[in-house]
Structures are given as structure tokens and as C-alpha cells.
Amino acid sequence: MKLVAAYLLAVLGGKASPSAEDVKSIIASVGGEVDESRLTTLLGELNGKSLDEIFAAGKEKFASMPVGGAAPAAGGAAA
């Protein structure tokens with residue numbers, strides 16, 4: 001999750017497509033460590049995609065999930 005957060009911070013900071021070094025420097029600035037393989041995977045998945053595309057795809061996935069609780073059981077009035 002920290003990799004995604006650092007990536008988003010870099011985008012908010014003006015980098016349209018943050019590099020591995022951008023993400024590493026953000027995490028290092030707060031004393032964190034980076035898992036290189038996870039960072040490589042993340043950047044590979046996000047390569048060439050805008051945040052608008054990514055958020056739209058996520059919104060579609062959430063829209064297909066059933067939401068809400070079960071209807072309350074009908075019962076008789078308490079005496």
C-alpha cells in the first residue's frame with residue numbers, strides 16, 4: 001500500500017508517470033524501505049495508464065459488486 005501511496009503522491013506532485021526513483025525517494029524520505037520486486041510489478045501495471053483510466057476501471061469493478069445488507073426479518077410486535 002505504501003508503494004501506491006508514494007506513487008499517488010508523486011502524481012500529485014506533478015509527475016505524470018513517476019519513475020521507480022521518484023517512488024523510492026518519497027518512501028525513503030520517511031525512513032521506509034522499498035521491495036524492489038513489488039515496485040517493479042506496480043510500475044509495470046501502471047505503465048502507460050493515466051490515473052483517470054485506473055480509477056475508472058476500479059469504479060467499474062466496484063459497481064459490479066453486490067452491496068447492502070440483508071432485509072430485516074419480519075417479526076411480530078413485542079408484547
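In this predicted model, lysine 24 is partly exposed, with a relative accessible area of 21%. Buried residues fall under 20%, so lysine 24, at 21%, counts as partly exposed. The side chain of lysine 24 meets that of glutamate 36 in a salt bridge, with N and O 3.0 Å apart. This pair links distant parts of the chain. Lysine 24 lies in helix H2 (residues 20-28) and glutamate 36 in helix H3, twelve residues apart. Glutamate 36 is also partly exposed, at 43% relative accessibility.

Side chains of opposite charge can pair when their charged atoms come close. The whole structure holds four salt bridges. One of them joins arginine 38 to aspartate 35, with 3.7 Å between the closest N and O atoms. Arginine 38 is exposed, at 58% relative accessible area, whereas aspartate 35 is partly exposed, at 36%. Shared partners also join Glu21, Lys24 and Glu36 into one network of salt bridges.

Lysine 15 and aspartate 22 form a salt bridge as well, at 3.7 Å from N to O. Here lysine 15 is partly exposed, with 42% relative accessibility. Aspartate 22 is buried, at 17%.

Helix H3 (residues 36-46) also packs against helix H1 (residues 2-12), their axes coming within 10 Å and crossing at roughly 50°. H1 is therefore oblique to H3. The crossing is right-handed. From H1, Leu3, Val4 and Tyr7 take part in the contact. They meet Arg38, Leu39, Leu42, Leu43 and Leu46 of H3. Seven residues of this contact are nonpolar, one is charged and none is polar.

Terms used
Residues are numbered from 1 along each chain as its sequence is written. This is a predicted model: local features need pLDDT of at least 70, side-chain atom pairs count only at pLDDT 80 or more; totals for chains, interfaces and linings use all residues. Side-chain values use heavy atoms; hydrogens and water are left out. Axes are lines fitted to C-alpha atoms, for helices over the stretch in contact, and angles run from 0 to 180 degrees between N-to-C directions. Helices (H or I, at least four residues) and strands (E, at least two) are DSSP runs, numbered from the N terminus. Angles under 35 degrees count as roughly parallel, over 145 as roughly antiparallel, 65 to 115 as roughly perpendicular and the rest as oblique. A crossing is left-handed if the near helix is turned anticlockwise from the far one by less than a right angle, and right-handed if clockwise. Contact means heavy atoms within 4.5 Å. Ala, Val, Leu, Ile, Met, Phe, Trp, Tyr, Cys and Pro count as nonpolar, Asp, Glu, Lys and Arg as charged, and the others, Gly among them, as polar. Buried means under 20% relative accessible area, exposed over 50%, partly exposed in between (1.4 Å probe, protein chains only).
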